[in-house]
Amino acid sequence: MLRQAPPLEAIEIFVAAAGGASFRSVARELALSPSAVSRRIAALEAFLGTRLFDRNGQSQRLSAAGVRYLTAVEPALDAIRRATGQVSADAVGRLTIATSHSLAAAWLAPRLPEVQDLLGIEVEILPSRDPDVLRSGEAQLAIWGGMAAQPGLTAERLFDAVAIPAACSRRVEGRLWSTAELASQPLLTVQSPSRLWERWFAGEGEAGQGQLRQRVFPTLQLMYEAACAGGGMVLAMPVIADSYLASGRLVPAMRAARQLGEGYSLFRPMRRGGPGATERQFAAWLRGAIKRSQAEFNERVQRSQN
């Protein structure tokens, strides 16, 4: 039977060469000799019956046929890599989870031993909010807050963000604060999602609080650390603020938690056949762990300053 497709290795080398400055540079990247790269490209051209590169000394550029072939095979090669990564992850019980640095450090990373012990799943955390890490197969799942729907990805809502004002104990002074008092305090917030304090005040029709003194931080974790050091008031949220509230480094200043209009979701790449067994196990554990965190948050708020 005549072979109807060239070797996959030749296609991978062609795709790498199409994005490289020269066959020599691609050879260094792939740990091959320049002649080995040239031979494989030549064999692929012979198989196809057309030249894929226009060569000029040590440099090369794609021919018109090469551009058409790259457009056709590169998405297929990406699909093969994603499928391979998914099957491999399921086979060995391993997942890469993309999430924000704040959620990873404050909540997910401390719970990885539990995932390993209960499920036998090895989890690697990828601190990223780039949807392409899922599309490329670099990560199998992602936990992101404030992320809109993304092409090629499915999203399962995990929880809606509620928040309660909090600060270090010496700033709270062991009492419940009024909204008017809060509005006069230094308020710590983050770049994204934006306008959290404005949304919180508007939650009970209290948008007219005048000019708020706000200090903006790049991440939630840095914001909470600044609050623990006495820098001002923050909005403590379930899951993200768990460790700070549990340790007493942050203390609720009110008992009324309000919706912020934000939520956290579990993102997956769209695949024929749906998620694998390892992904389903982790997702089930994740839902339960988040419910426990939400219940603990509510209990801490109700116990505060009793």
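Me: Leaving aside its neighbours within four places in sequence, which residues is threonine 189 in contact with?
Reply: Threonine 189 is in contact with Leu196, Trp197, Gln214, Arg215, Val216, Phe217 and Met223, where contact means heavy atoms within 4.5 Å. Before we go on, this is a predicted model: local features need pLDDT of at least 70, side-chain atom pairs count only at pLDDT 80 or more, and totals for chains, interfaces and linings use all residues. Residues are numbered from 1 along each chain as its sequence is written, and side-chain values use heavy atoms, with hydrogens and water left out.

Me: OK, where is threonine 189 found? And does it count as buried or exposed?
Reply: Threonine 189 is in strand E7, residues 187-190. Strands (E, at least two residues) and helices (H or I, at least four) are DSSP runs, numbered from the N terminus. Threonine 189 counts as buried because its relative accessibility is 4%, and buried means under 20% relative accessible area, exposed over 50%, partly exposed in between (1.4 Å probe, protein chains only).

Me: What about glutamate 124, buried or exposed?
Reply: Glutamate 124 is exposed, at 51% relative accessible area. Glutamate 124 lies in strand E4, residues 122-127, and touches Leu95, Thr96 and Ile97, not counting residues up to four places away in sequence.

Me: New topic: how many disulfides does a search of the whole structure find?
Reply: The search finds 0, with a disulfide taken as a pair of cysteine sulfur atoms within 2.5 Å. For cysteine 168, the nearest cysteine sulfur is that of cysteine 228, 7.6 Å away.

Me: Are those two buried or exposed?
Reply: Cysteine 168 counts as buried at 4% relative accessibility, and cysteine 228 is buried with a relative accessible area of 12%.

Me: Now pockets. What volume does the largest pocket have?
Reply: About 340 Å³. On a 1 Å grid over the protein atoms alone, a pocket is an open set of points where a 1.4 Å probe fits, with protein on both sides within 12 Å along at least five of seven lines; lining residues have an atom within 4 Å of a point. Grid points are joined across faces, edges and corners, and the volume is the space filled by probe spheres set on the points.

Me: Which residues lie nearest its centre?
Reply: Of the 25 residues lining the largest pocket, Ser100, Arg129, Ser192, Pro193 and Leu220 lie nearest the centre.

Me: And what supplies the largest share of the lining?
Reply: E11 does, with 4 residues.
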